[in-house]
2 protein chains.
Amino acid sequence: MQQEKNKKIYLDHSATTPVDKKVLVTMLPYFSDKFGNPSSVHSFGQEAMTGVDVAREKVAEFLDCSVSEIVFTSGATEADNLAIFGIIKALKRKNPNDKFHIITSSIEHPAVLELFKVLQEQGFEVQFLPVKANGTVDIEDFKQAIKDNTVFVSIMYVNSEVGSIQPIHEIGKWIQKINKLRLKKWQETEPKNRGDKPFAIYFHTDATQAVNFLNCSTKHLHVDLLSLSGHKIYGPKGVGALFVKSDVLIDAIQLGGHHENNRRSGTLNVSGIVGLGEAIKLLDKKTTEKNNKKIDKLRRLLIAGITKNIPNVILNTDLNQSVPSHAHFSFIGAEGEAILISLDLVGVAVSTGSACASSSLQASSVLLAMGINEEVSHSSIRFTLGKNTTETEIKKVITILQPIIKRLRQMSPK
Amino acid sequence: MQQEKNKKIYLDHSATTPVDKKVLVTMLPYFSDKFGNPSSVHSFGQEAMTGVDVAREKVAEFLDCSVSEIVFTSGATEADNLAIFGIIKALKRKNPNDKFHIITSSIEHPAVLELFKVLQEQGFEVQFLPVKANGTVDIEDFKQAIKDNTVFVSIMYVNSEVGSIQPIHEIGKWIQKINKLRLKKWQETEPKNRGDKPFAIYFHTDATQAVNFLNCSTKHLHVDLLSLSGHKIYGPKGVGALFVKSDVLIDAIQLGGHHENNRRSGTLNVSGIVGLGEAIKLLDKKTTEKNNKKIDKLRRLLIAGITKNIPNVILNTDLNQSVPSHAHFSFIGAEGEAILISLDLVGVAVSTGSACASSSLQASSVLLAMGINEEVSHSSIRFTLGKNTTETEIKKVITILQPIIKRLRQMSPK
């Protein structure tokens, strides 16, 4: 009991998750026993390749696609880089003189946002879509943004900071419609006036924060490219995957060995890939529904406790349009970083936003895009619950938090 | 005893190695216990970062450099891509109109060779150095190759196919001399006629196959960039490192998060990095000397047995200029792929060359560069011994091999 009381509480599951024991058990034989290089012809190599094949099947089943459409990477960041730079590289190689328009949202992960900024510097016409106050892209804004020379769209499935779910299915359907219209118009033009076949719009989504909770059927979503990560879904760090639809051409970014059907060179990270496969296997529909319900219940308990006990709190997560893990608050008059450190001192781990940028002192660009002002932004804390979070933990956090906020507000100069 | 007899024999350590049990034990806590994201501010994150810091110190100590000069990657292929494309990207960004000359050898790993071919297509002047019959670059050829506009050299430390050791220290020293001369000449020019400061030549070596056996002090080698891999040194797959000398500017290839001092974005693969650090720690000077001696003795036993028992065999590894692991043979009149498969059927794992290209049926470009003809190339087998290889295993392989070669030669149409 004493031990339970002293146990640390982890409410930063959006930054990373512990490897599930079942996942680790599945990985273990691939370190020192089935250790072959999957590129090797002999039985050691083939044994390792079998592990990779099984994992690839699990990922493909989850994404409702073919095994040949899965490219294993070192993580979601690499998957995003490969998706975006890979498709742009292939497009520019085939059409060096065309002027392209590409679309993303203003609340993407840096692994998408920074790449679009680089492409903008390179001369691409880039549209950064705004978001509504609840942190979601407006489908009408998206429809308006499409131009005749739009060739690529990248919108995340779930925002990592506030947990908002983007209308990926709707966007995907609209893109499909536009692509059909472009083709029809071209077919109806007299052959001698037609010119080249029109460009299709390719659609990428970074689904890193969605995989634990949402339907990721690539057919349902109508996406051409989808990134995911191992360590956000109780799998290991250092591994991820990119779905590349069979008819979509991407150029490799990392060269030298022609692995993964010429799409990603480098010896396969066998144990990592096996772990990713097992982590995805654990996300069957029934388990996911059960976990979603449980996590959402605890999140609502946390929100009720905080808003009841602490005045002047703003909940930035829209409960009707978010994954169940997220509860993002602004504690007006208290400094986010100070709350984080105070909670850490009593064994509670939370975040001020995305771990990827947590060393930066800039206000969150996601919150600014949602129309939250800089001062309020700086008072923000993200709680992200996981499948092993307990009611006891949530109650303890509510109790702990109240005096911390009170003290910090008293210390504040304002 | 029966079990020992049936145990498989692994003689493909150049393709990959089993994770050392000590390495695995060091990694294990970082999966489900110390699982934080090192970018997180809280104690879970800092605990993970401590693991990374310790590993970084071990790698830096081994490479005789500062911790800030180590960039962790997903493997040697990524390290090579980052070294080559990273330095070229930075050079081109700062000097878009300069015409550069770059040098590599004709026996590099595809992660170097392919990149130089891409750069050649992009308009770089590329020199692929020939090698001598023993698979080493001639230092005089290298000196001759340097031109006034040479800015980058990449030569591997040890060739993975035949095990030949390249004169990295001598090349590094020569480059240092040229750089000093260029600077001196510039300083002696009248200021008004000087122009911009002259370009330095940057020197990269892929040391993947050297780390187990050779001195990798970057100061001794006079290199600016050095790549290495975890899984070739009894560490895990999916992790590697690039040494980048403090005064060398490289542009990141994988963007989005500014990890590793803006040189490589993406959540750190903590368990992998910890494993890499421990694997490198096990390579202390004393252990390495002991292992080198033991492995070399077994290699000589293998070579003596094969050349005594089997006629018409060519040893392609130069015992005076190679790491102790490698024994590369051509069995004239027998097909390499057939030998590999026959050995695999009786539980012996070898390779026809590099695992990275083993699915290709082309003759090895390394052997061709060494002046070996295509037919002889196709009859080749690489044995690579490891630290756990035993005398019993070597003796068994000698006994097994003789009838296999005899049978295959009888089957051969020639």
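Helix α14(A) crosses helix α17(A) in a right-handed way (the near helix is turned clockwise from the far one by less than a right angle; left-handed would be anticlockwise). This is a predicted model, so local features need pLDDT of at least 70 and side-chain atom pairs pLDDT 80 or more, while totals for chains, interfaces and linings use all residues, and side-chain values use heavy atoms, without hydrogens or water. Residues count from 1 along each chain as its sequence is written, and chains are lettered from A and ligands numbered from 1 in the order they are written.

**α14 and α17 in chain A**

- Helix α14 covers residues 336–345 of chain A and helix α17 covers residues 391–411, and they pack at about 135 degrees with axes 10 Å apart (axes are lines fitted to C-alpha atoms over the stretch in contact, and angles run from 0 to 180 degrees between N-to-C directions).
- That angle makes α14(A) oblique to α17(A) (under 35 degrees is roughly parallel, over 145 roughly antiparallel, 65 to 115 roughly perpendicular, and the rest oblique).
- On the α14(A) side, the contact uses A:Ala338, A:Ile339, A:Ser342 and A:Leu343 (contact means heavy atoms within 4.5 Å).
- On the α17(A) side, the partners are A:Ile400, A:Leu401, A:Ile404, A:Ile405, A:Arg407 and A:Leu408.
- Sort the residues of this α14(A)–α17(A) contact by class and you get 8 nonpolar, 1 polar and 1 charged (Ala, Val, Leu, Ile, Met, Phe, Trp, Tyr, Cys and Pro are nonpolar, Asp, Glu, Lys and Arg charged, the others, Gly among them, polar).

**α13 and α17 in chain A**

- Helix α13 (residues 285–309) of chain A also meets α17(A): their axes come within 10 Å and cross at roughly 20 degrees.
- So α13(A) runs roughly parallel to α17(A), and their crossing is right-handed.
- From α13(A), the contact draws on A:Leu298, A:Leu301, A:Leu302, A:Gly305, A:Ile306 and A:Asn309.
- From α17(A), residues including A:Glu391, A:Ile394, A:Lys395 and A:Leu401 join in.
- The α13(A)–α17(A) contact has 8 nonpolar, 3 polar and 2 charged residues.

**α5 and α6 in chain B**

- Over in chain B, helix α5 (residues 76–94) packs against helix α6 (residues 110–121) at about 25 degrees, with their axes 9 Å apart.
- That makes α5(B) roughly parallel to α6(B), and the pair has a right-handed crossing.
- B:Thr77, B:Asp80, B:Asn81, B:Ile84, B:Phe85 and B:Ile88 of α5(B) touch residues of α6(B), among them B:Ala111, B:Leu115 and B:Phe116.
- The residues of this α5(B)–α6(B) contact split into 9 nonpolar, 2 polar and 1 charged.

**Domains of chain A**

- Chain A divides into domain 1 (2–19 + 285–409) and domain 2 (21–281).
- The C-alpha centres of these two domains of chain A are 29 Å apart.
- Across the boundary, 32 residues of domain 1 of chain A contact 31 residues of domain 2 of chain A.

**How the copies fit together**

- Turn chain B by 180 degrees, with a shift of 0.0 Å along the axis, and chain B lands on chain A with an RMSD of 0.0 Å (fitted by least squares on C-alpha atoms of residues with pLDDT of at least 70 in both).
- The two copies are therefore related as by a two-fold rotation axis.
- Within chain B, the residue closest to the rotation axis is B:Ser74, at 3.0 Å (C-alpha).
- The copies meet through the same surface, because 100% of the interface residues of chain B are also interface residues in chain A.

How values were computed:
Helices (H or I, at least four residues) and strands (E, at least two) are DSSP runs, numbered from the N terminus. Domain bounds come from an automatic or database domain assignment.
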